[in-house]
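Visitor: I have a chain open in my viewer and would like a short tour of it. Could you take me through it by question and answer?

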Amino acid sequence: DREMAVISNLKPEEWKSHFLKMMDDFYDDATEEERMKLIDFAIKLTKADNVITKEENDYLNLLFENWKPEEA
């Protein structure tokens, strides 16, 4: 609930930096398996409506570019 309050008060230009911060925090605290499960969930969630928007794709790419799961 607290994080949703934070997110809902962000300006659009703040979304990416906040996402990167939360992504880095999760990376530091999670195991490789937990990170892979989150990536899998993010992909499934993004594909749920059978439309992947540019913005959704951009955020997925941030995960892949920063976590480099294919190098695991």
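Visitor: In which helix does Arg35 lie?

Guide: Before we start, note that this is a predicted model, in which local features need pLDDT of at least 70, side-chain atom pairs count only at pLDDT 80 or more, and totals for chains, interfaces and linings use all residues. Residues are numbered from 1 along each chain as its sequence is written, and side-chain values use heavy atoms, with hydrogens and water left out. Helices are DSSP runs of H or I with at least four residues, strands are runs of E with at least two, and both are numbered from the N terminus. The run that covers residues 32–47 holds Arg35, and that is helix α3.

Visitor: How many helices and strands does the chain have?

Guide: Read from the N terminus on, the elements run α-α-α-α. The C-alpha trace spans about 35 × 30 × 20 Å along its principal axes. The count for the chain is four helices and zero strands.

Visitor: Is Arg35 buried or exposed?

Guide: The cut-offs are relative accessible areas with a 1.4 Å probe on protein chains only: buried is under 20%, exposed is over 50%, and partly exposed is in between. Of the 72 residues of the chain, 18% count as buried. Arg35 has a relative accessible area of 8%, so Arg35 is buried.

Visitor: Which residues is Arg35 in contact with, leaving aside its neighbours within four places in sequence?

Guide: Contact here means heavy atoms within 4.5 Å. With those sequence neighbours left aside, the partners of Arg35 are Phe26, Tyr27, Ala30 and Trp67.

Visitor: Which residues form one aromatic cluster?

Guide: Rings of Phe, Tyr and Trp (its six-membered ring) pair if their centres lie within 6.5 Å; planes under 30 degrees apart count as stacked, over 60 as edge-to-face and the rest as tilted. With that rule, a search of the whole structure finds three aromatic pairs. One cluster is formed by Phe26, Tyr27 and Trp67.

Visitor: What kind of pair do the rings of Phe19 and Tyr59 make?

Guide: A ring pair is described by the distance of the centres and the angle of the planes. Phe19 sits in helix α2 and Tyr59 in helix α4, 40 residues apart. Their centres are 4.8 Å apart and their planes are at 80°, so the pair is edge-to-face.

Visitor: And what kind of pair do Phe26 and Trp67 make?

Guide: This pair also links distant parts of the chain, with Phe26 in helix α2 and Trp67 in helix α4, 41 residues apart. Phe26 is partly exposed at 32% relative accessibility, while Trp67 is buried at 7%. The ring centres are 5.9 Å apart and the planes are at 20°, so the pair is stacked.

Visitor: Which residues does Asn66 contact, leaving aside its neighbours within four places in sequence?

Guide: Asn66 is found in helix α4 and is partly exposed, at 40% relative accessibility. Its C-alpha atom is 9.1 Å from that of Leu20, 46 residues apart along the chain. Beyond those sequence neighbours, Asn66 is in contact with Leu20 and Met23.

Visitor: What is the volume of the largest pocket?

Guide: On a 1 Å grid over the protein atoms alone, a pocket is an open set of points where a 1.4 Å probe fits, with protein on both sides within 12 Å along at least five of seven lines; lining residues have an atom within 4 Å of a point. The largest pocket is lined by 27 residues, and Ile7, Trp15, Phe19, Tyr59 and Leu60 lie nearest its centre. Grid points are joined across faces, edges and corners, and the volume is the space filled by probe spheres set on the points. For the largest pocket that comes to about 820 Å³.

Visitor: Which helix gives the most to the lining of the largest pocket?

Guide: Each of α1 (2–8), α2 (15–29), α3 and α4 supplies at least two residues of the lining. With 10 residues, the helix that gives the most is α4.
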